[in-house]
Amino acid sequence: MNASLQTTAGTAMKLEGVSKLYGPVKALDNISFELRKGEFLTMLGPSGSGKTTSLRAIAGFIQPTAGRLLIDGRDMTGVPPQKRNIGMMFQDYALFPHMTVLENVAYPLETRGIRRAEREKRSMEMLEIVGLAHCAKRYPKEMSGGQQQRVALARALVFKPDIVLLDEPMAALDKKLRGQMQIEIMHITRQVGATVVSVTHDQEEALVMSDRIAIFKDGRLEQIGSPNELYQQPCSEFVADFIGEANLLRGQVRALPEGVVVEGNGWSARLPAGDPRAQAVAAARNVCVVLRPERIRAVEVGSESGNAGQGVIEDKIYLGVEYRLVVRMNDGNKINIRSRDIAGIAGMKGGDRIGMAWSPDDIVIIGA
Ligand code: ADP
Ligand code: MG
């Protein structure tokens, strides 16, 4: 066996430099990552970023132009979709209308030559897990949208696939049902120990469901990590902006004896000399400071320290649990603040000058 084919134990799938060209369009550009067994991975990115193409390459509907794909350590080059042990659920579910719910779920077992008694037993167990055992004899048209989707999920899981692929699984559901189904699908797939690759352009869905998220942009894998890692340590302005809400402040770097400071018009972000990032930032000229809205404290003008800014309140919105402020800085850029200091902010009004302060631990610096 070719040594490079081996993957570490616990790896369900590995993509090695996978690219897909459609004429001049690089739908996928050198994608590499590993998927662990039992992991729920979501591919997240704007429309046209390569998510569906990745899914179709994993399923075997398209062959990569370059690179290769291993499932359970086996090179999938040339292996047709039906020879890959993969379950799929797409946005339109595609249940068979002339078959009962039970027959729909049992279908993948039938095509795999499992005998009737056994496939009915396994299908009923799966329907039990998705909470629809009592609907086994119904037809799809007698079920609600959310129920149909759970049938489709049961059908995708019933033959214990190596990997389950979900393409925009919530797209056909209304907003409220979507939130419920996100949590249900997450619980069901974890309960059966399935390894899942899901696709969405909805960041909230990705955050709710995933162990890790792969952020796609222009056919490239921009960053892969846990929701927390992507939020706390985005590698680019794109990721910072895509996961959660971010203020992106571009400033000039100045090295000081006691550390390094990034300055803009009306704000500065200072890292003490002992900060592990200080050296790399000192070597850069222009960088971007990522500042999350909930990490900024509104303070009185003049009381700010080295990590601070000033501006004029443009909007103040009360949301019960927090205030949202939009502050215009000297350079015209706007900063969003979310603050739970209700008493501190209640007295401020539009047009007031305010100070802003934050901790150096709360900023991420990109471009150093
Ligand atoms: P996403 O699912 O993230 O919206 P896709 O993977 O569908 O994106 O598409 C990625 C890029 O590849 C887009 O620019 C798209 O237009 C292009 N593309 C996808 N499929 C084809 C195809 N069959 N022929 C030509 N171009 C394609
Ligand atoms: Mg798509």
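Mentor: Two strands count as paired if DSSP finds at least two bridges between them, and the elements themselves are DSSP runs numbered from the N terminus, helices being H or I with at least four residues and strands E with at least two. This is a predicted model, in which local features need pLDDT of at least 70 and side-chain atom pairs count only at pLDDT 80 or more, whereas totals for chains, interfaces and linings use all residues. Residues are numbered from 1 along each chain as its sequence is written, chains are lettered from A and ligands numbered from 1 in the order in which they are written, and side-chain values use heavy atoms, with hydrogens and water left out.

Trainee: How many bridges join strand 13 to strand 16, and in which sense do they run?

Mentor: Strand 13 and strand 16 (residues 308-318) are antiparallel and are joined by 2 bridges, with Trp267 standing opposite Gly309 of strand 16. Strand 13 (residues 267-272) also pairs with strand 12 (residues 259-264), again in the antiparallel sense, over 6 bridges, and there Glu263 has Ser268 as its bridge partner. The hairpin of strand 12 and strand 13 has 2 residues between the strands, and in it Gly266 takes a positive phi near 95°.

Trainee: Why is helix 1 described as largely enclosed?

Mentor: A residue is buried under 20% relative accessible area, exposed over 50% and partly exposed in between, with a 1.4 Å probe and protein chains only. In helix 1 (residues 51-59), 7 of the 9 residues are buried, so the helix is largely enclosed by the rest of the structure; among them are Leu55, Ala57 and Ile58. Just after helix 1, Gly60 takes a positive phi of about 95°.

Trainee: What volume does the largest pocket have, and which residues lie closest to its centre?

Mentor: On a 1 Å grid over the protein atoms alone, a pocket is an open set of points where a 1.4 Å probe fits, with protein on both sides within 12 Å along at least five of seven lines, and lining residues have an atom within 4 Å of a point. The volume is the space filled by probe spheres set on the points, which are joined across faces, edges and corners. The largest pocket holds about 540 Å³, and of its 21 lining residues Ile86, Met88, Pro108, Arg112 and Phe159 are the closest to its centre. Strand 6 gives the most to this lining, with 5 residues.
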